[in-house]
Amino acid sequence: MKLSLSALWKQNPIHFQRTIINRFYGITSTTQCKDQKPDWVYARIAPLGSPDLSMVPVLEQWVKEGKKVVKTELQWITKRLSSYKRYKHALEVSHWMTDRRYFPLEPADVATRIYLIYKVKGLEEVEKYFNSIPQILRRPKVYTALLNCYTKEKSVEKAETMMQQLRDMGFSKDTLCYNYMMNLYSKTGTWEKMDDLMNEMEQKGVNFDEFTLMIRLTAYAAAGDSEGMDKIVVMMESDKHLTLHWHTYSIAAESYLKVGQVEKALELLSKLETMILTCEKSNDAYNSLLKLYAEAGKKEEVHRVWDLYKQNMKILNKGYMRVMSSLMKFGDIEGVEKIFEEWESEALSYDFRVPDVLICSYCRNGLLGKAKTLMDKGMSKGGVPWVTTWCHLANGYIHEDLVPEAVEALKKAISICPPNYKPSRETLATCIKYWEKQGDVDNAEDFVKSLEMDHIFSPVFRNKLLCFIKEEKLQS
């Protein structure tokens with residue numbers, strides 16, 4: 001009998017993580033991750049994705065077996081874990097590197113640790129740690145790392161004070177610190193200060209990079225200023241110091257679409273396409289093209305790019321999900337069904353998020369029978385329905401007034417939620433509609449409290465549901 005994902009998580013966290021990774025990237029269970037080289041400690045750390053698991057015993061066991069570990073390797077592992085948002089694990093490795101292996105800290109290590117402490121423990125703990133740092137280690141990277149924390153926290157006063165300290169110490173010649181401040185002003189809507197920063201950079205001879213210009217471009221887009229956007233694009237393409245990449249054109253095109261400048265967006269997409277055909281092949285670039293052409297309302301371009309994609313790249317599950325989602329913007333269910341047949345013929349790992357696109361459409365368009373058939377077919381092939389798959393099915397049942405079936409589907413969604421899963425508003429609506437139909441919201445509270453189990457919906461979601469229930473009580 002096959003285990004549910006929640007049972008698999010509890011019984012074997014390593015197998016659970018590998019299952020999720022394989023399902024997402026479209027690789028078979030026999031494919032070995034490039035990172036998992038023999039006799040390398042990261043090969044033991046990589047599969048242990050649960051935040052409840054500590055990396056320290058793994059590292060201690062490695063040393064106990066008489067195997068060596070060098071500082072550069074631990075630094076690489078820390079950055080790698082951080083790139084996968086495994087901040088708690090990365091912080092453990094960072095501390096172990098100095099506390100147990102006694103490798104001396106360098107300013108770059110301190111800067112990394114500041115960022116990790118912020119992600120794991122918050123700004124207050126970062127400030128405590130910063131105050132404990134010896135003066136000899138307080139180099140530009142360290143101050144810039146603290147500045148980054150302030151900007152992420154949207155603490156404008158503290159960020160501006162830190163930026164002024166960088167200026168006073170002569171450390172403000174790095175583009176990075178300006179980008180942090182640019183991003184802060186963009187998020188807080190103080191766009192006039194962004195121009196002041198760019199003028200300051202020009203006066204000091206600090207070069208703009210792609211991020212500087214993209215931050216300003218997106219701020220112009222948020223303000224609906226297409227003339228300002230034009231100015232940044234001209235700067236971007238005329239600056240000899242810049243090496244442009246496909247994602248720069250992708251961000252710029254998306255920004256133009258947001259302000260309704262479709263033709264300008266299409267010009268940039270054409271440049272993006274030329275770039276990936278000649279020098280920068282990338283699955284993500286093709287996926288971005290598919291998405292943006294769909295948002296531009298160019299269905300024929302979606303098909304054309306899809307054909308190029310198949311000619312030039314090995315397409316994984318994510319690519320099929322992207323083209324199907326793009327075509328679904330045009331309500332082209334038949335076209336999506338044909339793409340789905342192509343995906344099935346490729347015999348990639350059965351990632352249920354691929355059929356999930358069709359199942360969602362079927363349920364929204366009153367085709368519950370087709371949704372159930374597709375779901376049963378996928379499960380018969382060894383596929384495991386995703387959380388959203390059960391949520392789509394629950395909504396399909398609701399539309400057909402099949403309330404008990406909807407609740408059972410929702411319970412199955414809950415049973416396989418990854419840690420701190422944040423469900424959609426559609427799922428919330430499904431719960432409320434059920435309780436309305438039942439006419440009894442008292443029993444709903446017990447159901448919601450069951451969401452506090454390990455690895456189920458976050459406390460924030462649980463509290464939202466309880467608020468909905470209280471509102472229903474007041475209305476009734």
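**Notebook: salt bridges in the predicted model**

I looked up the salt bridges and found that the structure holds 26; a salt bridge is a side-chain nitrogen of Lys or Arg within 4 Å of a carboxyl oxygen of Asp or Glu. Side chains of opposite charge can pair when their charged atoms come close.

I note that this is a predicted model, in which local features need pLDDT of at least 70, side-chain atom pairs count only at pLDDT 80 or more, and totals for chains, interfaces and linings use all residues. Residues are numbered from 1 along each chain as its sequence is written, and side-chain values use heavy atoms, with hydrogens and water left out.

**Entry on E65 and R44.** I found a salt bridge between E65 and R44, with the closest N and O atoms 2.8 Å apart. E65 lies in the loop between α4 (56-64) and α5 (71-83) and R44 in helix α3 (residues 42-45), so this pair ties together parts 21 residues apart in sequence. Helices here are DSSP runs (H or I, at least four residues), numbered from the N terminus. I also saw that R44, E65 and K67 are linked in a network of salt bridges.

**Entry on R216 and D195.** I found that the side chains of R216 and D195 meet in a salt bridge (3.0 Å, N to O). R216 lies in helix α13 (residues 210-223) and D195 in helix α12 (residues 191-204), so the pair ties together parts that are 21 residues apart in sequence. R216 is buried at 3% relative accessibility, whereas D195 is partly exposed at 27%; buried means under 20% relative accessible area, exposed over 50%, and partly exposed in between (1.4 Å probe, protein chains only).

Terms used
Helix = DSSP H or I, 4+ residues; strand = E, 2+ residues; numbered from the N terminus.
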